[in-house]
Amino acid sequence: VHLCAMCKANVRPPGPDSCAFCGSSPAGPSGRCDSCRGRKLHFTFARGAARYEGPVRDLILALKFGGLSAAAVPLGRLVAGEIESWGGSSRPDLLVPVPAYWTTRLARGYNQAELIAAEAGRAAGIRTARLLRKVRKARSQVGLAREDRLTGPKDAFAVRGRLDASSLRLCVVDDVITTAATVSECARVLVEAGASWVAAVAAARQ
């Protein structure tokens, strides 16, 4: 699957007024947006490669619910381009996909975040590692009130085995960031394992 020239033209990056911390748009006078102001978020920063609309939204839905695993290729390349725009000091040592619960992975046949991270890693020359596992299945975020979406991922993730992440710069990868609660909880676990910093990136940011 590849994006044609017309579709590429309809892929819009987050606006220049996006929050410098969580990547949502727009940021307020304090530099943080209404979505993250006053919240304890555990990543150093979070970004989306594109807005959740148009061809990017279509690709994510096809990957997540339509069984089109090849949609991870253009989405992963978008993520790689976003990471490469960060510059040398913010280049991660490893990409860490958000894990799926085993029943979800079994039903879908794959974890879409892993496929996106693998393609992004190939394109950016960064190794991907499954450092996290999902220890409980959170409720579907669809239709939930915002407060429920914020607390849903709490304690849902753990490191695989004995992880020594000391001095590593890690980047959590997902398909889409909405409230940033999931990537923040992943980041918390990795920071507690000793990572020097943890960023988060997704193909799209709502």
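**Note on aromatic pairing, helix packing and backbone geometry**

Trp197 has a relative accessible area of 17% and is therefore buried, the limit for that class being under 20%. The model under discussion is predicted.

1. Trp197 and its partner. Phe45 and Trp86 are both buried, and Phe45 forms an aromatic pair with Trp197 that is tilted, at 6.1 Å centre to centre and 35 degrees between the planes. Because Phe45 lies in the loop between α1 and β1 while Trp197 belongs to strand β7 (residues 197-205), this pair ties together parts that are 152 residues apart in sequence.

2. The structure holds 4 aromatic pairs. In one of them, the ring centres of Phe45 and Trp86 are 4.8 Å apart and the planes stand at 85 degrees, so the pair is edge-to-face. Distant parts of the chain are linked here: Phe45 sits in the loop between α1 (5-9) and β1 (46-51), Trp86 in the loop between α3 (72-84) and β2 (94-97), and the two are 41 residues apart. In general, a pair of aromatic rings is described by the distance of the centres and the angle of the planes.

3. The cluster and the surroundings of Phe45. One aromatic cluster is formed by Phe45, Trp86 and Trp197. Phe45 counts as buried because its relative accessibility is 11%. Not counting residues up to four places away in sequence, Phe45 touches Ala20, Phe21, Trp86, Ser90, Val198, Ala199 and Ala200.

4. Helices α2 and α3. Which angle do the axes of α2 and α3 make where they cross? The axes of helix α2 (residues 54-65) and α3 cross at roughly 125 degrees and come within 9 Å. This angle makes α2 oblique to α3, and the crossing is left-handed. On the α2 side Val56, Leu59, Ile60 and Leu63 take part, and they meet Ala72, Pro74, Leu75 and Leu78 in α3. Sorted by class, the contact of α2 with α3 has 8 nonpolar residues, no polar and no charged ones.

5. Leu59 has its place in helix α2, and with a relative accessible area of 8% it is buried. Leu59 and Val73 are 9.8 Å apart in space, C-alpha to C-alpha, and 14 residues apart in sequence.

6. Helices α3 and α5. α3 packs against helix α5 (residues 112-124) at an angle of about 55 degrees, with the axes 7 Å apart. The two helices are therefore oblique to each other, and the crossing of α3 and α5 is right-handed. The contact draws on Ala72, Val73, Leu75, Gly76, Arg77, Val79, Ala80 and Glu84 of α3, and on Leu115, Ile116, Glu119, Ala120, Ala123 and Ala124 of α5. By class, the contact of α3 with α5 has 10 nonpolar, 1 polar and 3 charged residues.

7. Gly67. This residue is placed in the loop between α2 and α3. Leaving aside neighbours within four places in sequence, Gly67 is in contact with Ala62 and Tyr110. Gly67 and Thr128 are 61 residues apart in sequence, and their C-alpha atoms are 22 Å apart in space.

8. Positive phi at Asp155. Most residues other than glycine have a negative phi. Asp155 is not a glycine, yet it has a positive phi of about 60 degrees. Asp155 lies in the loop between α6 (146-151) and β5 (157-159). Is Asp155 buried or partly exposed? Asp155 counts as partly exposed because its relative accessibility is 44%.

9. Positive phi at Ala180. Ala180, likewise not a glycine, has a positive phi of about 75 degrees. Its place is in the loop between β6 (169-177) and α7 (181-192). Ala180 counts as buried, at 3% relative accessibility.

Technical notes: Residues are numbered from 1 along each chain as its sequence is written. This is a predicted model: local features need pLDDT of at least 70, side-chain atom pairs count only at pLDDT 80 or more; totals for chains, interfaces and linings use all residues. Side-chain values use heavy atoms; hydrogens and water are left out. Rings of Phe, Tyr and Trp (its six-membered ring) pair if their centres lie within 6.5 Å; planes under 30 degrees apart count as stacked, over 60 as edge-to-face and the rest as tilted. Helices (H or I, at least four residues) and strands (E, at least two) are DSSP runs, numbered from the N terminus. Buried means under 20% relative accessible area, exposed over 50%, partly exposed in between (1.4 Å probe, protein chains only). Axes are lines fitted to C-alpha atoms, for helices over the stretch in contact, and angles run from 0 to 180 degrees between N-to-C directions. Angles under 35 degrees count as roughly parallel, over 145 as roughly antiparallel, 65 to 115 as roughly perpendicular and the rest as oblique. A crossing is left-handed if the near helix is turned anticlockwise from the far one by less than a right angle, and right-handed if clockwise. Contact means heavy atoms within 4.5 Å. Ala, Val, Leu, Ile, Met, Phe, Trp, Tyr, Cys and Pro count as nonpolar, Asp, Glu, Lys and Arg as charged, and the others, Gly among them, as polar.
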